[in-house]
Amino acid sequence: MKILVTGGAGYIGSHTVLELLSHGHDVEVLDNFDNSSAESIRRVEKLAGRTVRVHELDLRDEPAVTALFAAGGYDSVIHFAGLKAVGESVAKPLAYYGNNLESTLVLLRAMAASDTRQLVFSSSATVYGDHAPVPYQEDHEPLGANNPYGWTKVMIEQVLRDVAASDSSWRIGILRYFNPVGAHESGEIGEDPSGIPNNLTPYIAQVAVGRRESLTVFGDDYDTPDGTPLRDYIHVLDLASGHVAALEHLAAMEGGARAWNLGTGHGSSVLEVIAAFEKATGVKVPYTVGPRRSGDLTESFGDPTRAEAELGWKATRSIDDMLTDLWRWQSQNAEGFGG
Ligand code: NAD
Ligand code: WQD
């Protein structure tokens, strides 16, 4: 298949591009490098032993994107491009609604104009909002969010369902990721957050490598076994293989839009993650317990059985694998791709 990957230079995108190449697909990347660097794709090319054509474009540039699709001959698109920092989305809602919604609308119009109607979209467990019971089920309604970033995912999902309902030649997969962590086992590619990491495992890794002094655990008074929140951490390589499985399923599917949870179905606490990191790497992570972070849920994990039944996909890597691979990446690249 010839596949255009938007946001393919980013964290999940780069691992997925590598997985697609290893399955023999023909892959091109569209990215504006707003939150990534071309070095990630150079390393993917090195690992795959193949070159990847990169289109340095903003997805909101409609004339350029339309022209790209008119000439591209793509069979399918995987749409990762977007802004993703929850706290920043609260401070800059218009930037988030603007980028995430506009870029998706431009993409859908360019796809329709070129008769490319197979799409995999990066959604998030955040669409289950504050009140869904765990483990989250794909059919849960109503979807919702507690920050502008999350609402962009809810809104885009609705757009995708409406588009698929309007024309049965669209085949759309909506993948709801839980908490992606880890890195490729080579240590060549991984997550390279700009500035202070928002997420737990990159923060732990930066403390361990000496870039930050100590971790703050955001609250230990939750109603969980050790008082810290539970999350469904999933290895980024399992996530990458989920995209390949979804594409293969879509190619054989009748028209429509369908959502799948991509998670392990299991929650780990913050203190368990710290302990597992120390055990997997032998490196101590100093931490102090601080106040809760606003908006954090007590627990978030999904039921992954639909993806297993329909896509034939299941997460196989353990939390120890995730943290070992994260540490290999971070210790070999203390400053990320810029180092
Ligand atoms: P990332 O920031 O590493 O990758 C996103 C990529 O999109 C970046 O390379 C960025 O430069 C590019 N981009 C952003 N806006 C663009 C635009 N207008 N035009 C072209 N390129 C643009 O993020 P990631 O962690 O790889 O996430 C990928 C997708 O998965 C995002 O849609 C994100 O919301 C979603 N997601 C991520 C997580 C997570 O925790 N990482 C969880 C659930 C869902
Ligand atoms: C995990 C746990 C924190 C940092 C976010 C988005 C979500 C999704 C994935 C995209 C929580 C605790 C964290 C720290 C800590 N993204 N923590 N100290 O909040 O589950 O999900 O990223 O869709 O939408 O909300 O992930 O890694 O930020 O936090 O104690 O320095 O670690 O309180 O319990 P989260 P996270």
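Analyst: Begin with the contacts along the chain. This is a predicted model. In the protein chain, among contacts between residues at least 6 apart in sequence, 80% join residues at least 24 apart.

User: What does the secondary structure of the protein chain come to?

Analyst: The chain has eleven helices and 14 strands. Its radius of gyration is 19 Å, close to the 20 Å that the globule rule gives for 339 residues, so the chain is as compact as a globular protein of that length. Along the principal axes, the C-alpha atoms fill a box of roughly 55 × 45 × 40 Å.

User: How do I read burial, and what share of the 339 residues is buried?

Analyst: A residue is called buried when its relative accessible area is under 20%. By that cut-off, 53% of the 339 residues in the protein chain are buried. The chain exposes about 14,000 Å², and carbon and sulfur atoms supply 49% of that area.

User: How would I apply this to one helix, and how many residues of helix H7 are buried?

Analyst: The general point about helix geometry comes before the case. An α-helix has 3.6 residues a turn, so residues three or four places apart point the same way. Helix H7 covers residues 200-208, and nine of its nine residues are buried, so the helix is largely enclosed by the rest of the structure. Leu 200, Tyr 203 and Gln 206 are among these buried residues.

User: Which elements do the buried residues of H7 pack against?

Analyst: They pack against three strands, S7 (179-181), S8 (215-218) and S10 (233-235). They also pack against helices H9 (270-281) and H11 (319-332). Just after H7, Gly 210 takes a positive phi of about 95 degrees.

User: How do I read a ligand site, and how many residues surround ligand 1?

Analyst: Ligand 1 is surrounded by 28 residues, and the closest are Asp 31, Asn 35, Ser 36, Lys 84 and Tyr 149. By class, the shell has twelve nonpolar, ten polar and six charged residues. An N or O atom in the side chain of Asn 35 is 2.7 Å from an oxygen atom of ligand 1. A nitrogen atom of ligand 1 lies 3.2 Å from a backbone N or O atom of Asn 32, and a polar side-chain atom of Asp 58 is 3.1 Å from a nitrogen atom of the ligand. On its own, ligand 1 has 820 Å² of accessible area, of which the protein covers 95%.

User: Which elements give two or more residues to the shell around ligand 1?

Analyst: They are helix H1 (11-22), strand S2 (26-31), strand S5 (118-124) and helix H6 (148-166). S5 gives the largest share, three residues.

User: Which residues come nearest to ligand 2?

Analyst: Of the 18 residues around ligand 2, the nearest are Ser 124, Tyr 149, Thr 216, Arg 231 and Asp 296. The side chain of Tyr 149 has an N or O atom 2.6 Å from an oxygen atom of ligand 2. A polar backbone atom of Phe 218 is 2.9 Å from an oxygen atom of the ligand, and a polar side-chain atom of Asn 199 is 3.0 Å from an oxygen atom of ligand 2. Ligand 2 exposes 690 Å² when taken alone, and the protein buries 87% of that. Strand S8 gives the largest share of this shell, four residues.

Methods:
Residues are numbered from 1 along each chain as its sequence is written. Chains are lettered from A and ligands numbered from 1 in the order in which they are written. This is a predicted model: local features need pLDDT of at least 70, side-chain atom pairs count only at pLDDT 80 or more; totals for chains, interfaces and linings use all residues. Side-chain values use heavy atoms; hydrogens and water are left out. A residue is near a molecule or strand if one of its heavy atoms lies within 4 Å of it. A polar contact is a pair of N or O atoms within 3.5 Å; within protein, one must be able to donate a hydrogen and the other to accept it, and residues adjacent in sequence count only if both atoms are side-chain atoms. Accessible areas come from the Shrake-Rupley method with a 1.4 Å probe; for residues, only the protein chains shown count as cover. Ala, Val, Leu, Ile, Met, Phe, Trp, Tyr, Cys and Pro count as nonpolar, Asp, Glu, Lys and Arg as charged, and the others, Gly among them, as polar. Buried means under 20% relative accessible area, exposed over 50%, partly exposed in between (1.4 Å probe, protein chains only). Contact means heavy atoms within 4.5 Å. The radius of gyration is taken over C-alpha atoms; the globule rule is 2.2 Å times the number of residues to the power 0.38.
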